[in-house]
Amino acid sequence: MSSVGIVGGLGVGATVDYYERITAACKARGVVPDLVFVHADVDKGQGFVRERRLDALADYLLGFVERLARAGATAAALPAVTPHICIDRIVARSPLPMIDIVATIGAELRTRRLRRVALFGTTFTMEGSLWGQLAKHAPDVEIVKPRPDEIAFIGKAYQRLLDTQQGDDADTAGLRRIAADLQRRDGVESILLAGTDLAVIFNEENAGFPAIDVARLHIAAIVERLISP
C-alpha cells in the first residue's frame, strides 16, 4: 500500500470526517490504511487567506507536507477546500504528489455532464480564485455565483459551523432556501458542497437539494491512492 499524509486542522471537523470515512472505506475493502497526520493552525491559515497572502499560505502548508514526507508519506492531501487556492504553488514545490480536490471535482462534473453548478463554502471560496482553477478542469461547466447577500449569508453560516462544529437550524434552513433559489432562478443543476466542514450538517442524501459532496470525491481519490502499490 501507499502511505498518504493528511494536513489536518484546517477544519478540525473536516479532518475527523475524513479520518472516519477513509478508515471505513478501507475496512470495507479489507485493508488497513497507512496514514500520517500533521496539524495546521486553521486561524493562521485563514489569516493568510483573508490577507490574500497566497505565497505565505503555500509556504506555511509546504512546511507540513515536508514533515509528512520525512515521516514516510508517499502522497499528501489537504482535507479542506479553501487552501486549494494555492495548490498550484504547492504542487510546484512539493516533495510529494498532491491529491488535488479541485481535480477530483472537475472529473466528477465531466462525468455527470453538468452544465451549471454553484458552490457553498467559505466566502473566499465562493468569491476567490478557486473558480478559475475549477474552470481549468471542467471548462464546459458554468459556475453560477450566488447573489452578494446570499454569499454573505452562506459565508457567515459556514464560519459559525467552522467555529462551533455544530449545525444551526436557521443556517441549515437558509442554505436550503438559497439552494432552491439558485435552482429556480439560475438554472443550477447541482450545488457543490465545497466546504468540507459542511459534512457536519449535510451529505448528498439529506441536503434537501441536488448536491455533490466534494469531500466524498476527495476521500475516494485518497482511498484509491492508499490501496495502490
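Colleague: How many bridges join strand β4 to β6?
Modeller: Four bridges join β4 (residues 116-120) to β6, and the two run parallel. Strands pair if DSSP finds at least two bridges between them. A118 stands opposite I191 in β6.
Colleague: What should I know about the source before going on?
Modeller: This is a predicted model, where local features need pLDDT of at least 70, side-chain atom pairs count only at pLDDT 80 or more, and totals for chains, interfaces and linings use all residues. Residues are numbered from 1 along each chain as its sequence is written, and side-chain values use heavy atoms, with hydrogens and water left out.
Colleague: And how are helices and strands assigned?
Modeller: They are DSSP runs, numbered from the N terminus: helices are H or I with at least four residues, strands are E with at least two.
Colleague: Back to I191. Which residue in β7 does I191 stand opposite?
Modeller: A211. β6 and β7 (residues 211-213) pair in the parallel sense over three bridges.
Colleague: Are the residues on the two faces of β6 buried or exposed?
Modeller: Buried, on both faces. S190 and L192 are on one side of β6 (residues 190-193), and I191 and L193 are on the other. Buried means under 20% relative accessible area, exposed over 50%, partly exposed in between, with a 1.4 Å probe and protein chains only.
Colleague: New topic. What is the strand order in the open sheet of three strands?
Modeller: β2-β1-β3, with parallel pairing. The edge strands are β2 (34-39) and β3 (75-77), and each pairs on one side only. β1 (residues 3-8) and β3 pair over three bridges. The bridge partner of V4 in β3 is A75.
Colleague: Which helix packs on that sheet?
Modeller: Helix α10 (residues 214-227) packs there, touching β1, β2 and β3. Contact means heavy atoms within 4.5 Å. The direction of α10 makes about 145 degrees with that of β1.
Colleague: Now helices. At what angle do the axes of α2 and α3 cross?
Modeller: Roughly 155 degrees, with the axes of α2 (residues 42-50) and α3 (residues 54-70) coming within 8 Å. Axes are lines fitted to C-alpha atoms, for helices over the stretch in contact, and angles run from 0 to 180 degrees between N-to-C directions. α2 and α3 are therefore roughly antiparallel. Angles over 145 degrees count as roughly antiparallel, under 35 as roughly parallel, 65 to 115 as roughly perpendicular and the rest as oblique.
Colleague: Which residues meet there?
Modeller: K44, G45, F48 and V49 in α2 meet A56, L57 and Y60 in α3.
Colleague: What about the loop between α2 and α3?
Modeller: R52 is found in that loop. The phi of R52 is near 60 degrees, a positive value in a residue other than glycine. R52 counts as exposed, at 54% relative accessibility.
Colleague: Where does R113 lie?
Modeller: In the loop between α5 (101-112) and β4. R113 has a positive phi of about 55 degrees, although R113 is not a glycine. R113 is exposed, with a relative accessible area of 67%.
Colleague: Last one: where is D163 found?
Modeller: In helix α8 (residues 148-164). D163 is exposed, with a relative accessible area of 54%. D163 and V12 are 151 residues apart in sequence and 9.5 Å apart in space, C-alpha to C-alpha.
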